[in-house]
Amino acid sequence: MDISSATGPLADLRVLDLTRALSGPFATMILGDLGADVIKVEDIWHGDDTRRWGPPFQGDDAAYFLSINRNKRGLSVNMKTPEGQQLVQRLAESSDILMENFRAGTAARLGLGYPELSARNPALIYASISGYGQTGPSAALPGYDAVAQAVSGMMSVTGEPDGEPVRSGTSLADVGAGMWALIGILAALHARQVSGRGQLIDISLLDGQVAWLTYVAGKYFATGVTPGRYGSAHESLAPYQVFPTADEPLMVAVGSDGLWRRFTATTGLDELTDDPRYATNPDRVQHRDTLIPRITQALATRGCAEWTDRLNAAGVPAGPVNTVPAALEQPQIAAREMVVEVEHPVAGMLRMLGTPLKLSAQPASIRRPPPVLGQHTDEILAEAGYPAARIAELREAGVIRLPLQQAAPLQQATQGQQVLEAGLDLDPARHPHPGDVGRGRGQRDHVVAVRGQPNVGERLVRCGLFDRLGARVGDRGHERDAQVGDVAAERAIGEKAGPVLRVHVPQSGSQGLQRLAALLGGGHARLALVSIGR
């Protein structure tokens with residue numbers, strides 16, 4: 001797919017995206033689809049957690065991450081350092097919108113809370129997404145989608161009547177919170193046109209799910225009866241559920257008495273049309289226990305596709321219960337451009353979902369693939385007024401990540417083979433070669449990185465690498481030879497925490513070390529910090 005030149009209705013806006021996981025990235029992706037310049041800010045170690053939420057992986061990132069991070073530029077910065085915090089504060093001064101989904105209080109501790117940033121930029125619209133919101137007795141609790149679905153009562157009304165409560169098939173609490181945040185942002189943008197000032201938007205996963213209870217909560221308020229589970233059926237409408245047919249299941253949605261008459265005429269159930277037990281929707285709901293078996297018997301006489309055609313021709317909403325592949329292969333989905341392709345610099349051609357926003361004058365568009373970690377760091381900092389020398393200083397200090405372009409040519413040339421001179425296997429850790437040290441040998445995989453870049457992804461280190469490079473670990477005066485299994489990180493990462501060690505590789509002119517340094521400079525290893533040089 002060619003990068004679109006369309007601008008979109010939000011093309012004059014800059015969004016500083018400090019979010020990770022799903023709710024925030026989903027929201028900022030939509031802002032990007034609508035034309036906003038979205039800067040995705042990630043740490044220098046491993047970036048957004050969803051980069052590793054796999055399998056499956058495409059290139060170095062999980063398909064999960066790639067599905068919700070298009071139309072963004074990537075900035076990799078260590079926000080735990082004063083310099084990193086100052087860098088983000090500076091970017092916030094020139095941004096229209098900032099979105100974060102830290103646990104309540106974390107942004108403030110980093111100097112990135114709304115009071116601090118709005119004092120510098122009064123026009124800033126600051127959207128915060130959290131599990132429980134910024135106020136109330138539960139504000140400090142951790143929150144995830146499944147917990148929000150459970151605590152909100154949503155899971156209690158989802159599932160079969162005699163089964164256990166179940167989570168929805170997708171993360172509706174996260175996606176819903178992202179959509180609530182978008183609504184708040186658009187309202188705040190409108191208000192800013194008059195006031196000239198931004199405002200804080202406080203969104204919680206719990207609030208969003210409770211708001212989505214809508215008529216379920218309304219029925220409880222009216223009756224005091226605890227709502228139950230109805231499977232695919234609707235508690236207030238009948239027939240409105242999945243029925244078996246002669247082959248595949250069929251969803252039928254009879255939402256009015258007029259549709260009921262069309263339905264009975266099409267299915268040969270004319271004798272039920274004016275039956276006093278079924279003539280009106282309240283009657284049908286009251287007597288669903290006798291109605292549903294009659295309909296089930298009638299629909300068993302034909303297949304799903306035939307019933308779909310017959311009912312739709314009569315104006316009755318009905319359709320098959322598609323699998324995801326079947327849904328994505330529908331001609332209607334193709335006609336609406338809801339499956340698109342975009343070229344990614346590492347993963348190659350990606351298929352992804354299109355945008356459902358169809359605007360006639362300024363349409364949404366897909367202009368960028370999801371960014372590689374830190375891909376646009378230099379570009380963004382240069383735009384913010386940082387001179388090249390200062391950018392180099394920040395990189396040397398470990399505040400920002402090495403640029404992708406230093407390693408990209410080597411990665412493309414050697415992907416899928418081994419750099420024998422350096423002893424580094426370029427294949428993913430899930431595909432070890434004989435002699436590698438990693439999962440295949442019962443050890444965690446640990447790879448080295450250049451100074452200031454403790455995260456370089458998931459790769460394997462061959463047994464003799466540290467020996468050949470003369471790597472040493474430990475504090476000055478107490479060094480020892482490095483061994484595979486040593487963990488050198490600025491903080492605990494993943495399942496295994498270890499001592500903070502600094503690995504030093506003496507400068508060498510050998511081709512192996514040069515290629516190793518170039519490769520690792522792109523950020524494709526994990527869990528070790530190495531300085532190269534004196």
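## Packing of two helices

In this predicted model, helix α10 (residues 257–267) packs against helix α13 (residues 288–299) at an angle of about 45°, the two axes lying 10 Å apart. Contact, meaning heavy atoms within 4.5 Å, is made by Trp260, Phe263 and Thr267 of α10 and by Leu291, Ile295, Ala298 and Leu299 of α13.

Residues are numbered from 1 along each chain as its sequence is written. Local features need pLDDT of at least 70 and side-chain atom pairs count only at pLDDT 80 or more, while totals for chains, interfaces and linings use all residues, and side-chain values use heavy atoms, with hydrogens and water left out.

## Aromatic pairs

The whole structure holds four aromatic pairs, counted where ring centres lie within 6.5 Å, with planes under 30 degrees apart called stacked and over 60 edge-to-face, the rest being tilted. One of them is the edge-to-face pair of Trp53 and Tyr64, at 5.0 Å centre to centre and 80° between the planes. Trp53 lies in the loop between β2 (37–42) and β3 (57–58) and Tyr64 in helix α2 (residues 63–66), so this pair ties together parts that are 11 residues apart in sequence.

Trp260 and Phe263 form a stacked pair, with 6.2 Å between centres and 25° between planes. Both residues lie in helix α10, three residues apart, about one turn of the helix, and both Trp260 and Phe263 are buried, that is, under 20% relative accessible area with a 1.4 Å probe and protein chains only.

Methods
Axes fitted to C-alpha atoms, helices over the stretch in contact; angles between N-to-C directions. Helix = DSSP H or I, 4+ residues; strand = E, 2+ residues; numbered from the N terminus. Phe/Tyr/Trp six-rings, centres within 6.5 Å; stacked < 30°, edge-to-face > 60°. Buried < 20%, exposed > 50% of the residue type's maximum accessible area, 1.4 Å probe, protein only.
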